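This briefing covers the disulfides and the pockets of one protein. The sequence and structure come next.

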Amino acid sequence: DNGMVHSCSDPDFPHLKFSYDDTGALSCGCSAEPHYDSLYIAKDLCPGHFCEDPNFPVLDYDDEESNCICRTHPCFDLAGKKHECPDPKFPILRYREDEPKQANKPEPVCECLAKLDPPKSDEL
């Protein structure tokens, strides 16, 4: 964002969010829900799109339909369990896949990541 550092100090909206408009311009803001998107999908495949429904928070690209969609988070129902991140220091729910342990099937992993805050000036 032209070198600008953003932060979110309102306790009701403490989480940084970003999106790109149709022209590719970056827009930053604050959200009540912790989340991150794929930079490639948000900027290159789906500029001008963002997901506001907390039940379908993941911006994705559907290759078959050639359009952008909002889908449910894979960790909302992984093997019948809804994963959550209740620790305010680690509020971001992330899905990833580990290398296959057996039968070439990737191992799904849900984990909680640290809140995305800019470094304090004394940490630089």
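Which cysteine forms a disulfide with Cys 8? The partner is Cys 30, with the two sulfur atoms 2.2 Å apart; a disulfide here is a pair of cysteine sulfur atoms within 2.5 Å. This is a predicted model, in which local features need pLDDT of at least 70, side-chain atom pairs count only at pLDDT 80 or more, and totals for chains, interfaces and linings use all residues. Residues are numbered from 1 along each chain as its sequence is written, and side-chain values use heavy atoms, with hydrogens and water left out.

**Disulfides**

- The whole structure holds 5 disulfides, and with bonded cysteines counted along the chain their pattern is 1-2, 3-5, 4-6, 7-9, 8-10.
- The link of Cys 8 and Cys 30 is left-handed, with -95° about the S-S bond. Cys 8 sits in the segment before E1 and Cys 30 in strand E2, 22 residues apart; strands (E, at least two residues) are DSSP runs numbered from the N terminus.
- Cys 8 is buried at 12% relative accessible area, whereas Cys 30 is partly exposed at 33%. Buried means under 20%, exposed over 50% and partly exposed in between, with a 1.4 Å probe and protein chains only.
- Cys 75 is joined to Cys 110, S to S 2.1 Å. Cys 75 lies in the loop between strand E4 (67-71) and E5, and Cys 110 in strand E6 (residues 105-113), so this pair ties together parts 35 residues apart in sequence.
- Both Cys 75 and Cys 110 are buried.
- Cys 85 and Cys 112 also form a disulfide, with sulfur atoms 2.1 Å apart. The torsion about their S-S bond is about -90°, so the link is left-handed.
- The sulfur of Cys 28 is too far from the closest cysteine sulfur, in Cys 8, for a bond, at 8.8 Å.

- The largest pocket has a volume of about 950 Å³. A pocket is an open set of points on a 1 Å grid over the protein atoms alone where a 1.4 Å probe fits, with protein on both sides within 12 Å along at least five of seven lines; lining residues have an atom within 4 Å of a point.
- Of its 35 lining residues, Ser 31, Glu 33, Pro 34, His 35 and Pro 57 are the closest to the centre.
- Strands E1 (15-20) and E2 (26-31) each supply at least two residues of the lining of the largest pocket.
- The second largest pocket has a volume of about 230 Å³. Its lining includes His 35, Tyr 36 and Arg 94.
- E5 gives the most to the lining of the second largest pocket, with 3 residues.

Notes. Grid points are joined across faces, edges and corners, and a volume is the space filled by probe spheres set on the points. Helices (H or I, at least four residues) and strands (E, at least two) are DSSP runs, numbered from the N terminus.
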